[in-house]
Structures are given as structure tokens and as C-alpha cells.
Amino acid sequence: TAQSDPGKTYVIATDVTFAPFEFQNEQGDFVGIDMDLLAAIAEDQGFRYEIKPLGFNAAVQALQSRQVDGVIAGMSITDERKLVFDFSDPYFESGVQMAVAEDNDDITSYEDLRGQRVAIKTGTEGAAFADSIKGRYGFTTVTFDDSASMYDDVRTGNSVAVFDDYPVLLYGIAQGNGLKTVTDKEAGASYGFAVSKGQNAELLGMFNAGLANVKASGQYDEIIDTYLGEGA
Ligand code: GLN
């Protein structure tokens, strides 16, 4: 198997804000499930890295053009992406859900989106899902680069709904972001760490080995609990 270069600092790209997976705390540090998991895995495996919060689509583009070594960004393992990226073992199950403004009682189903505007994030599973049903339900979409801007657009009433990953929607709703869900979540893919296809096999190997170790040691559960557990 490939050996890691001990002097190398891997450059890992991520989303700008996708709590509870990556976000800045009050000190300005990047924290969250992805950030803490990567830190624990790097410590376990003894590699160095630097985080680049580029935004989701920009991170994926940077990886595709090999400007960065990897992406961890609540990135879903999809068949389409597997053509261009190699993914780690899955580390979190997710899926897409719709949310509307807390005080909106008019939208209770996809049928109610007819003639309305819906916020989506460029290059995401949520955007792909919305695009796949917008013809049938007769709505239009408006695109953003980050989740915070999508949620703002719904709060101000410019869009009536947003499609995003349900753990992120539910975390934001629990924090009082002014949104609510009214429909069930859709089946979705699990999150994985990605590298360019055929590149950085040593990094992917270390990620998988470290993931198995932090799961076995209980560190993985501790990280999940920190952000999603009772009292989180
Ligand atoms: N899980 C979604 C995807 O991979 C969204 C990721 C994100 O917005 N950071 O498309």
C-alpha cells in the first residue's frame, strides 16, 4: 500500500457554513462533526492538514481540478460523483428535506409549491432533487452558494421553501433559525470524505483506517454526541 509523506500537509476543502458539520465557533475556529472527525483521524494516523472553507461547490470544483487534496463537507456519496472522485467509507447517513418559514401555513406539500420560488445550493443533492421535481410541481428555483443565504431567502419571503440535507435543517431549526419542516425527508446518500479519482490513495487509506479506529475507541460517538446529543 502507498506510504504517506511525513512532511506533507494535505489541503482539505470544506463548505463555508453547514452546521453541525462545519461552522465557525465564537472564537472563529472551524468546528463541527466533519472538522472534529478529521482532527481525530489525523491525530490517530499522524498526518497534517490545512482546512480551506471554500463553499460546497467551489470545494468540489477545486478537488476536481486537483487544487486541493480532499473534501470533507457533508458530501454525499453518489454514483455520479464516484465517476470523478474516490470516497472513503461512509461516516454519516443523510437525506434531503424541504423547509419553509415558521409562520408559513400555506405550504404543506410539494403541490403547494406551484408558481412559487424555491431556494437551492449550487451543486448539491438538494438542488438535484428540487430540479428533478420542479417540472412536475411547477415551481422555479433560485440558487445560492451557501446554506445561510438560502435560509435568509426563505425568511425574507423571497423564496417559499428550501431543499437541504435534513440533519442541517433540523439542527438550524432547533437553534431557532425561523424555519420548519412540513414534509417527510427523502431517501438520501451517506456522507464520505472525497479525493480525486486515482489520486491520494494514501490519504484515503489513512482516513478509512482512522475512521475505523475512532469508531472503535468511542471518539466518533463522542463527536456525534457533542453536536447532536441531548443538551447539544
Ligand atoms: N450532502 C449534499 C451534497 O453532497 C450537500 C453538501 C453541502 O451542502 N455541504 O450534495
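View 1. Welcome to a predicted model, in which local features need pLDDT of at least 70 and side-chain atom pairs count only at pLDDT 80 or more, while totals for chains, interfaces and linings use all residues. Residues are numbered from 1 along each chain as its sequence is written, and side-chain values use heavy atoms, with hydrogens and water left out.

View 2. The C-alpha centres of domain 1 and domain 2 are 25 Å apart. Their contact (heavy atoms within 4.5 Å) draws 20 residues from domain 1 and 15 residues from domain 2.

**View 3. The shell around the ligand.** Here 13 residues surround the ligand, and the closest are Gly74, Arg81, Lys121, Glu125 and Asp165; a residue is near the ligand if one of its heavy atoms lies within 4 Å of it. By class, the shell holds five nonpolar, three polar and five charged residues, with Gly counted as polar.

**View 4. Polar contacts up close.** Look for pairs of N or O atoms within 3.5 Å. Aspartate 165 has a side-chain N or O atom 2.5 Å from a nitrogen atom of the ligand. For serine 76, a polar side-chain atom is 2.8 Å from a ligand nitrogen atom, and for lysine 121 one is 2.6 Å from a ligand oxygen atom. The ligand alone exposes 300 Å², and the protein buries 100% of that (Shrake-Rupley method, 1.4 Å probe).

Technical notes:
Polar contact = N/O pair within 3.5 Å; in protein donor to acceptor, adjacent residues only side chain to side chain. Domains from an automatic or database assignment.
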